[in-house]
Amino acid sequence: MGIGSQLRHLLSQPGMLRIPGVHDGYSARAAEVMGFGAVYIGGGVGIGPNLGLPDMGVMQSSHLIAAAGRLAQLVDIPVIADLDDGGGHVLRVRQAVTDAERAGIAGVHIEDSDFSAGRHFPSATQGGGGHLNFSDDRVIGFDAAVERFKAALSGRRDPDTVIIGRTDAALHSFDEAIRRGRAFADLGADVVFLAHLAPEQVRLAVEAIPAPLMNCVLDPAGASPAACTAMEQDGLKILFDHRAVPLAAYQAEWAALERFRDQGDIAPDLPGTRVQLAQVIRHAEWAEIARDHRTATDQTH
């Protein structure tokens, strides 16, 4: 079964898929070892900090594809990738989808955001750091969004690759988001992602759009287990968390660097974590391969 077929099989199962956001090989492999059926890599938390750049449309789709493709080669579960606007121009969008598919990525979404003047500006009320001011984000016109999505569909070579129709229009109008989501579904979207959809809006969106619905929670407060359960009961097909795992890793890294800088503190060994790391990176498996080759080489002398 190909990787796209695996993702389609997951989508055909009853209930809601919980898909974690990952940002590197360790987190992707750890998710696989823990039994998650798929992983997601975003253009912001997942990749931006790795390149040292903000998620403001700075990165090219080739950067996003390369990062997601590296993870796709490491795991045997499907990888879903955020390709931002796919390059904006319809020909670039088409090529971005083709390139992502060739990189082994099982599913992609390309958004209808207008990157011409940047996006995701820092919130002034938070001192310019951390929280984002989504109110400054803009989307392209309806007709242009439809053409961009058509271009994404035309870039697919493997019919099993999952093309997700994403719109950010809910930032300014729930009705417009529904309009675009329905248009994507009518064109053949395998999944529709209404970014910035509030949990309490899920039921209305599910009822209005004739395609499986995907959502994430952008509220800095996160979402409780009860809220996630409610979204599942309302018919949501995919709930992904793009930020929790990367932010937890960055927080721990910053704390370790700070302790070493300020106190000369070298943290004690963490045997439990070392065991988990060894399992995730298949240390024993690689060691066995090396021993077999070493034994074979020794026998030739």
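These notebook entries record what I looked up in a predicted model.

**Entry 1: the sheet**

I began with the strands. Eight of them form an open sheet, and I noted the order as E1-E10-E9-E8-E7-E4-E3-E2, with parallel pairing. In general, strands of a sheet pair through backbone hydrogen bonds, either parallel or antiparallel. I then asked which strands lie at the edges. The edge strands are E1 and E2 (39-41), each of which pairs on one side only. On average, neighbouring strands of this sheet are turned by 25 degrees against each other, direction ignored.

**Entry 2: helix H1**

Next I turned to helix H1, which spans residues 3-12. Which of its residues are buried? I listed Gly 4, Ser 5, Leu 7, Leu 10 and Leu 11. The buried residues of H1 pack against strands E1 (17-20), E3 (79-82), E4 (107-110), E7 (162-167), E8 (191-194) and E10 (238-241).

**Entry 3: the nonpolar cores**

I then examined the cores. In soluble globular proteins, nonpolar side chains tend to be buried together. The largest nonpolar core here has 51 residues. Those with the most contacts inside it are Ile 41, Leu 83, Ile 105, Val 192, Leu 194, Ile 209 and Leu 213. Helix H4 (residues 61-74) supplies the largest share of this core, six residues.

A second, separate core has 18 residues, and I noted Leu 10, Leu 11, Ala 38 and Val 162 among them. Leu 10 and Leu 11 also stand in my list of buried residues of H1.

I followed Ile 105 in more detail. What does Ile 105 touch, leaving aside residues up to four places away in sequence? Its contacts are Ile 65, Ala 68, Gly 69, Ala 72, Val 79, Ala 81, Ala 100 and Thr 161.

**Entry 4: helices H5 and H6**

Last, I considered helix H6 (residues 142-154), which lies across E4 and E7 and runs at about 170 degrees to E7. The axes of H6 and helix H5 (residues 90-102) come within 7 Å and cross at roughly 35 degrees. I recorded the crossing of H5 past H6 as right-handed.

Which residues meet there? From H5 I noted Val 90, Val 93, Arg 94 and Val 97, and from H6 Glu 147, Arg 148, Ala 151, Ala 152 and Ser 154. The residues of this contact divide into five nonpolar, one polar and three charged.

Methods: Residues are numbered from 1 along each chain as its sequence is written. This is a predicted model: local features need pLDDT of at least 70, side-chain atom pairs count only at pLDDT 80 or more; totals for chains, interfaces and linings use all residues. Side-chain values use heavy atoms; hydrogens and water are left out. Buried means under 20% relative accessible area, exposed over 50%, partly exposed in between (1.4 Å probe, protein chains only). Helices (H or I, at least four residues) and strands (E, at least two) are DSSP runs, numbered from the N terminus. Contact means heavy atoms within 4.5 Å. A nonpolar core is a set of buried Ala, Val, Leu, Ile, Met, Phe, Trp, Tyr and Cys residues joined through side-chain atoms within 4.5 Å. Two strands pair if DSSP finds at least two bridges between them. Axes are lines fitted to C-alpha atoms, for helices over the stretch in contact, and angles run from 0 to 180 degrees between N-to-C directions. A crossing is left-handed if the near helix is turned anticlockwise from the far one by less than a right angle, and right-handed if clockwise. Ala, Val, Leu, Ile, Met, Phe, Trp, Tyr, Cys and Pro count as nonpolar, Asp, Glu, Lys and Arg as charged, and the others, Gly among them, as polar.
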